[in-house]
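Subject: A structure for you to look at

Hello,

I'm passing this structure on to you, as promised. Please open it first, and then read my notes alongside it.

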Amino acid sequence: METVSENVCFDGVQGVYTHSSDACGCDMTFGLYLPPLARVEKVPVLWYLSGLTCTHENAMTKAAAQGVAAELGMAVVFPDTSPRGDDVADDEAYDLGKGAGFYVNATQDPWAPHFQMWDYVSAELPALIGAEFAVDLDRQAITGHSMGGHGALTLAMAHPGRFASVSAFAPIAHPSGSDWGRKQLSAYLGDNETTWAKHDSTLQMREVGFDGPVLVDQGASDQFLELLKPEELSQAMAARRQDGVFRMQKGYDHSYFFVQSFIADHMAFHADALGS
């Protein structure tokens, strides 16, 4: 692992690091904010998964999470959204390939050699961060925006007992029923839709639910509502009697202005679940 940069931020450290990833077969970059408390003890960790076209940097610079994290004594990890490099497959469309890993393990060519983002986020990167930094992997929570909200919800439901809580901002809530999903899942996983189910938060909510509290915020003026299909997830949560809250926020769109407006709510929600 190499340090790209470290900056003092709210008395903590906002770092950017690169490492060679066995899962993705390339160098990967991630951001990590450590609060001041991490100088004296291990701290709980919140995973923030970003959306289409993003890198580790978008949420790190736009979500306004560091000040809240410093107050709550919480680390925040900002992984990249896909593998990178000259030999990594890509597509001309913005919603497939680099920047659009969809947090799955690809099984189809040309994606399979590098697009193993499920293993990277769920196994390899946590192991690295737990070994190298003052974070307590027994106290984890996860959140994300758009494609990252999809990833946060599906990873949380697939790993019972790992995350104390899960939240999402405008998640791609039903990808197997949306053009933001069917295209990517078929490209990465093939045409057998049974293999898609673990990567669809609506289907997983119906099937298994989450063993902790859930918070979902959706902008009512989001320009991508027809692609996100939030009503499907809301109905699945209600049908399952899921411990959780689904909020439609009047006037808000899909941008990071929306995320900034509610990030403190989400982080306080996770801090409460973590006992932070």
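Where does helix H3 bend, and by how much? The bend is at Leu 125 and comes to about 35°, with a proline, Pro 126, following within four residues. Before going further, please keep in mind that this is a predicted model.

Helix H3 covers residues 117-132. Its buried residues include Leu 125 and Pro 126 themselves, along with Met 117, Trp 118 and Glu 124. The buried residues of H3 pack against several strands, among them S2 (12-21), S3 (26-34) and S6 (135-144), and also against helix H4 (147-158).

Asp 80 counts as buried because its relative accessible area is 4%, under the 20% cut-off. Its contacts beyond the residues up to four places away in sequence are Met 28, Thr 29, Cys 54, Thr 55, His 56, Tyr 103 and Met 117. A cis peptide bond, with omega about 0°, joins Asp 109 to Pro 110.

Now for the interior. In soluble globular proteins, nonpolar side chains tend to be buried together. Here the largest nonpolar core has 86 residues, and Phe 30, Ile 142, Tyr 188 and Met 267 have the most contacts inside it. Helix H9 (residues 256-274) gives the largest share of this core, eight residues. If you click on Tyr 188, you will find that it touches Leu 96, Phe 102, Trp 111 and Phe 115, among others.

The largest pocket has a volume of about 200 Å³. Of the 13 residues that line this pocket, Leu 52, His 145, Ser 146, Phe 224 and His 254 lie nearest its centre. The lining has six nonpolar and seven polar residues, and no charged ones.

- Ala 64, with phi about 60°, is in the loop between helix H1 (57-62) and helix H2 (66-72). Ala 64 is partly exposed, at 42% relative accessible area.
- Lys 229, with phi about 55°, is in the loop between helix H7 (225-228) and helix H8 (230-240). Lys 229 is buried, at 18%.

Key: Residues are numbered from 1 along each chain as its sequence is written. This is a predicted model: local features need pLDDT of at least 70, side-chain atom pairs count only at pLDDT 80 or more; totals for chains, interfaces and linings use all residues. Side-chain values use heavy atoms; hydrogens and water are left out. On a 1 Å grid over the protein atoms alone, a cavity is a set of points where a 1.4 Å probe fits but cannot get out, and a pocket is an open set with protein on both sides within 12 Å along at least five of seven lines; lining residues have an atom within 4 Å of a point. Grid points are joined across faces, edges and corners, and a volume is the space filled by probe spheres set on the points. Ala, Val, Leu, Ile, Met, Phe, Trp, Tyr, Cys and Pro count as nonpolar, Asp, Glu, Lys and Arg as charged, and the others, Gly among them, as polar. A nonpolar core is a set of buried Ala, Val, Leu, Ile, Met, Phe, Trp, Tyr and Cys residues joined through side-chain atoms within 4.5 Å. Buried means under 20% relative accessible area, exposed over 50%, partly exposed in between (1.4 Å probe, protein chains only). Helices (H or I, at least four residues) and strands (E, at least two) are DSSP runs, numbered from the N terminus. Contact means heavy atoms within 4.5 Å. The bend at a residue is the angle between axes fitted to the seven residues ending there and the seven starting there.
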